[in-house]
Amino acid sequence: MPATETELDTRTDLAPAPWWRQAVVYQIYPRSFADADGDGLGDIPGITSRVDYLAELGVDAVWLSPFYPSELADGGYDVADYRNVDPRLGTLEDFDRMLAALHARGIRVVVDIVPNHTSDQHAWFQEALAAGRGSAARERYIFREGSGPEGAEPPTDWVSIFGGSAWERVADGQWYLHNFAREQPDLNWDHPEVREDFVKTLRFWSDRGVDGFRIDVAHMLTKDLTEPLPSKDELALIPRDGNHPLIDRDDVHDIYAQWRAVFNSYDPPRTAVAEAWVDPSRIHLYARPESLGQAFNFDLLEADFDAQSFRRIITDNLALVAASGSSSTWVLSNHDVVRHATRYGLRTPTAESTVPTRHGGQWLLDGGPEEGLDRARGLRRATAATMFLLGLPGSTYLYQGEELGLHEVADIDPAQRQDPTFFRTEGAEIGRDGCRVPLPWHGDGPGLGFGAAQPHLPQPAWFANLAVTLQEDDPRSTLALYRRALHLRRRLETAEELEWIETGRDDVLRFARPNGWQVITNFGSDPYPLDASLGGEVVLATSGGPVADVPGESTVWIAPQGMSD
Ligand code: NOJ
């Protein structure tokens, strides 16, 4: 009997789940992905030329780090014009062609929005500089008089996230706030024009057909800068409970409520994911359907390769997302942290952790990457961890090059480094360039197939051995493993639930999904025997198989009978 209209209205359980809930999203750092015009910088036509590669890999969506006009003071996160393409990377027409090519292969597109700060080259900031103190143009940013005699000292002793003072003085003596590099002045989100302009930007890209947005530094837009401003030490003592002057303020969600109305005015609604480094107990505020809808969960990215840490984080995060109505996002690598193959292969743990994600200190340089790193072990653990993640309910973010088993590039000549962290700490922190080196597409030739010219960051000789063309035809390669996993994952997709199966071992995790798909990861070294009553067949083994047991530092997937072909 056909359903009545009322029944149809209420049967939301039958509606297909929105695409992003369990998507595999592949992060492209455009300047380092593929360089079509051979000028050394990756570009939009380069991405278009590699759409087949992305489709064969089996990703559901790509997230593009900023490709907007930029002076590249911070790898493109210093945006000079939010509604354009950097001429070195292409044109808006190139963007439309890329979008159409990705959509034609069923791949969705997420773009990066950077609302906390603009570039100092942005027309607004240039106008603010020219207009002088007290002008309306300065109101769009955070200008203050300095302290001390003649205001020659910064208004406060606050330190920027990239090192050095968070204030910069301009020619007429005023200071402006920049929580990141001095070329990234913070916007004043109390200003209605700032709010209006970002809505315009979200509509601009949504109208062009992008499917979603990744929101940079989503937790820092709103600020309470009521005088007197606290000192750095006072700031550190203020609880981050929604009323902190700079971080994770409750009133930031007024902005996202407005954005949500914009996203929901499209069909299908545009998605958003927050980059919010906040207390785990507050992340759900960003992930709520009435706010951005999803938020990155960086807990695994900061965890050791350790079964019990993984289990605790996953259990906690699944509970948090269930409460927010969102789905989880699992991340092990991105353009800001040391590649996880390298973190997991370090021979010399640091004081804080065995897997430092940050690029701080000299840990990668001391002893040199070869002495300090067990590459094979790092990669073994990395693929085990990634395949574990890909079995979990929720969406997984992959970072370009991890499917090739790339390690961090540690030995970049200081003269060729680009990251402001390196310069602002005078080299004390080596920065993030090592995970942003252009991809090796071929085993030889200039730029290893990235582009004709010298790549903007130098590729080490060992990149040649990991080139796409060398891995494509090798069934035992890391690339082949990722391809197999992503294609299987689509077939095995099931409801967003997980049941832990006790293994009797602290170093082995095993779980089952509602359709019987099982994932087993051995974080230790002793093999974990596979029992006769598996309830299915082994369809994937990061150790390469054949599999009578689960070797140390490896993952297997078991598919219910009949679901594996
Ligand atoms: C987070 C981005 O991921 C990072 O690359 C950037 O430097 C900062 N936000 C500032 O925009």
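Predicted model: local features only at pLDDT ≥ 70, side-chain atom pairs only at ≥ 80, totals over all residues.

Next I looked up where Asp-433 belongs, and found it in the loop between α14 (420-424) and α15 (468-472). Is Asp-433 buried or exposed? Its relative accessibility is 2%, and buried means under 20%, so I noted Asp-433 as buried.

**The ligand site**

Then I turned to the ligand. Where does it sit? I found the ligand in the largest pocket.

Which residues come nearest? There are 13 residues around the ligand, and of these Asp-74, His-117, Asp-216, His-335 and Asp-336 come nearest.

For His-117, a polar side-chain atom lies 2.9 Å from a ligand oxygen. For His-335, an N or O atom of the side chain is 2.8 Å from an oxygen atom of the ligand. For Asp-336, the corresponding entry reads 2.4 Å, again from a side-chain N or O atom to a ligand oxygen. I also looked up how much of the ligand is covered: taken alone it exposes 300 Å², and the protein buries 97% of that.

I picked Leu-332 next, which lies in the loop between β10 (329-331) and α11 (340-343). With a relative accessible area of 2%, Leu-332 is buried.

Pro-230 was my other pick, and its place is in the loop between β7 (212-215) and α7 (232-237). Why do I file Pro-230 as buried? Its relative accessible area is 14%, and the cut-off for buried is under 20%, so Pro-230 qualifies. From Pro-230 to Trp-63 I noted 167 residues along the chain and 37 Å between the C-alpha atoms.

**Helix α16**

My last stop was α16, a helix of 15 residues covering 478-492. From first C-alpha to last it reaches 21 Å, close to the 21 Å expected at 1.5 Å a residue.

How many of the residues of α16 are buried? I wrote down 11 of 15, so the helix is mostly covered by the under-20% cut-off. Among the buried ones are Leu-479, Leu-481, Leu-486, Leu-488 and Leu-492, and the list also includes Tyr-482, Arg-483 and Arg-489.

Terms used:
Residues numbered from 1 in each chain as written. Heavy atoms only, no water. Helix = DSSP H or I, 4+ residues; strand = E, 2+ residues; numbered from the N terminus. Expected span 1.5 Å × (residues − 1). Buried < 20%, exposed > 50% of the residue type's maximum accessible area, 1.4 Å probe, protein only. Near = heavy atom within 4 Å. Polar contact = N/O pair within 3.5 Å; in protein donor to acceptor, adjacent residues only side chain to side chain. Areas by Shrake-Rupley, 256 points an atom, 1.4 Å probe, with all protein chains shown as cover. 1 Å grid on protein atoms, 1.4 Å probe; cavity = no way out; pocket = protein on both sides within 12 Å on 5 of 7 lines; lining within 4 Å. Sits in = over half its atoms within 2 Å of the grid points.
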